[in-house]
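Colleague: Could you walk me through the strands and aromatic rings of this model?

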Amino acid sequence: RRLVKLVMSGIVAADASRQHDHQINPAPQDSVSCIKFAPNKDYLVCTAWDNSVSLYAFQKNGFAIQSRAEMQMTQNPHTGPVLGACWDNMGTKVFTASADKQGKVWDLGSQQVIQFAQHEQPIKCVHWVDPHSMVVTASWDRTIKYWPSNSLGSGTPAATVTLPERVYAMDVRDNIAVVATADKNIHVFDIRANPQQPMKTHLSPLRHQVRTVALFSDNRGYAIGSIEGRVQIYHIQDSDQGKNFAFKCHRDARNQDIYAVNAIVFHKLHGTFCTAGSDGTFNFWDKDAKQRLKGFQQLPNAITCCDFNHTGDVFGYAVGYDWSKGYDAQNRQMESLWLHPIQDNEIRPKK
């Protein structure tokens, strides 16, 4: 048990090199809030606190990666920091969520941008609901709203759900949505059965503020990350509650510093996952074996967000300031965007 605890806390496994990682240029001028790979092609969309939405193309050949800046959302752009993005299932449209209280859809073919969502407060999250061809937005106004893709731009959501508190994090996969709110409650929705009423609500087992939540690749549960350098593995079904556990990560044992878990993302093929934190590190984990698969060399600034591409052989991450140390610690010269070519033994579960 002691060994499992040490491995999950990131003390045992050695840090891996980033020598093959490719830096994307030009990066946004302020911290990147979200990066999302296209569902079926080698594109990456990036949103940032400088109000920008950028599209990049890339190619991978072995360990070598090349990239180019493809285009930016210049027509009808957001007037506030852009906090989230997602793709439609065809990889032809990008949906964005902004602090300007608007959600927009960017048609990459025509480059036309239209507003499709309006909230009373900043929109924190936006997700594509593939089985229903629908977009869902979640806001600090304590609501989530569903927008059918065939009536985008009408200004009228198909449904609005009022929650007890502001939405801090959200994930959607197939028919399941999990929403983390400011009161540390986790709300789980079965969108097919009842999109307006959670099928389950529980208090986060973690004591401090939830920063990120991510559904397992098989939708049987989710991982919750908090500002206290801790991750909770939680299963949806009552019969699986005995499998729940928490572990510490993104901590510096040398001086007892504790860092926020800024992002969690699951690998679609292997079901393993990555955590990225304010300490400037990211780690690959196997929740079933309760093991850290790979840790990576520390970067000079926080990892603000990350994602796996659709084939699972490229990992994208953004380095930038997350304001965890206040105004005096900001350094915009350290903002950068990277692609890591994944070796299969880095992310595949150990046998």
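**Sheet and rings**

Modeller: An open sheet of four strands runs in the order β7-β8-β9-β10, with antiparallel pairing. Strands are DSSP runs (E, at least two residues) numbered from the N terminus, and two of them pair if DSSP finds at least two bridges between them. The model is predicted: local features need pLDDT of at least 70, side-chain atom pairs count only at pLDDT 80 or more, and totals for chains, interfaces and linings use all residues. Residues are numbered from 1 along each chain as its sequence is written, and side-chain values use heavy atoms, with hydrogens and water left out.

Colleague: Which residue of β10 is the bridge partner of Trp-106?

Modeller: Strand β9 (residues 102–107) pairs with β10 in the antiparallel sense over five bridges. The bridge partner of Trp-106 is Val-113.

Colleague: How many aromatic pairs are there?

Modeller: Rings of Phe, Tyr and Trp (its six-membered ring) pair if their centres lie within 6.5 Å; planes under 30 degrees apart count as stacked, over 60 as edge-to-face and the rest as tilted. By this rule the count is 21.

Colleague: Is the pair of Tyr-222 and Tyr-234 stacked or tilted?

Modeller: The ring centres of Tyr-222 and Tyr-234 are 5.6 Å apart. Their planes meet at 20°, so the pair is stacked.
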